[in-house]
Amino acid sequence: MSFLSLLSSDSFSTPIGKAIKEVTDVNVKEPNWMRMISICDMVSHNAAKGPGDAVAALLQRMEEYCGSEKVGVKQEHGIHLVLHCIEA
């Protein structure tokens with residue numbers, strides 16, 4: 001899977017992508033570390049596609065939050081949630 005194909009697909013359609021979308025939603029008040037760790041388990045149990053699905057979903061979420069000219073408080077919070085997810 002090439003880098004460009006990661007950006008052109010709907011990364012939130014996979015189970016890992018849906019989970020990442022859930023934990024990085026701007027309406028989430030604080031990081032859900034237990035859910036993030038379960039995403040790590042999902043990725044490790046699907047070694048063939050899991051890492052690519054996770055990276056694609058994280059890139060898509062960052063594009064959503066950073067893609068506009070004006071980044072507000074909600075987008076900043078979303079970016080922090082994505083970074084926490086990467087950290088997990």
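A disulfide here is a pair of cysteine sulfur atoms within 2.5 Å, and the structure holds 0 of them. Before we set off, note that this is a predicted model, where local features need pLDDT of at least 70, side-chain atom pairs count only at pLDDT 80 or more, and totals for chains, interfaces and linings use all residues. Residues are numbered from 1 along each chain as its sequence is written, and side-chain values use heavy atoms, with hydrogens and water left out.

**Stop 1: Thr-24.** Select Thr-24, and you land in the loop between helix 2 (15–23) and helix 3 (33–45). Helices are DSSP runs of H or I, at least four residues long, numbered from the N terminus. Is Thr-24 buried or exposed? With 0% relative accessibility, Thr-24 counts as buried; the label buried means under 20% relative accessible area, exposed means over 50%, and partly exposed lies in between (1.4 Å probe, protein chains only).

Now show what surrounds Thr-24. Skipping residues up to four places away in sequence, Thr-24 touches Arg-61, Tyr-65, Gly-78, Leu-81, Val-82 and Cys-85, where a contact means heavy atoms within 4.5 Å.

**Stop 2: Arg-61.** Hop over to Arg-61, which sits in helix 4 (residues 50–66). Arg-61 is buried too, at 5% relative accessible area. Beyond its neighbours within four places in sequence, its contacts are Phe-12, Lys-21, Thr-24, Asp-25 and Val-82.

**Stop 3: helix 4 against helix 5.** Colour helix 4 and helix 5 (residues 73–87): they pack at about 160 degrees, with axes 9 Å apart. That angle makes the pair roughly antiparallel, a label for angles over 145 degrees. Axes are lines fitted to C-alpha atoms over the stretch in contact, and angles run from 0 to 180 degrees between N-to-C directions.

To see the contact, show Leu-58, Arg-61, Met-62, Tyr-65 and Cys-66 on helix 4, then Gln-75, Gly-78, Ile-79, Val-82, Cys-85 and Ile-86 on helix 5. These residues divide into 8 nonpolar, 2 polar and 1 charged.

Stop 4: Finish with Cys-66, which is partly exposed at 38% relative accessibility. Cys-85 is in no disulfide, and its nearest cysteine sulfur, on Cys-40, is 6.9 Å away. Cys-85 counts as buried, at 9% relative accessibility.

Methods: Helices (H or I, at least four residues) and strands (E, at least two) are DSSP runs, numbered from the N terminus. Angles under 35 degrees count as roughly parallel, over 145 as roughly antiparallel, 65 to 115 as roughly perpendicular and the rest as oblique. Ala, Val, Leu, Ile, Met, Phe, Trp, Tyr, Cys and Pro count as nonpolar, Asp, Glu, Lys and Arg as charged, and the others, Gly among them, as polar.
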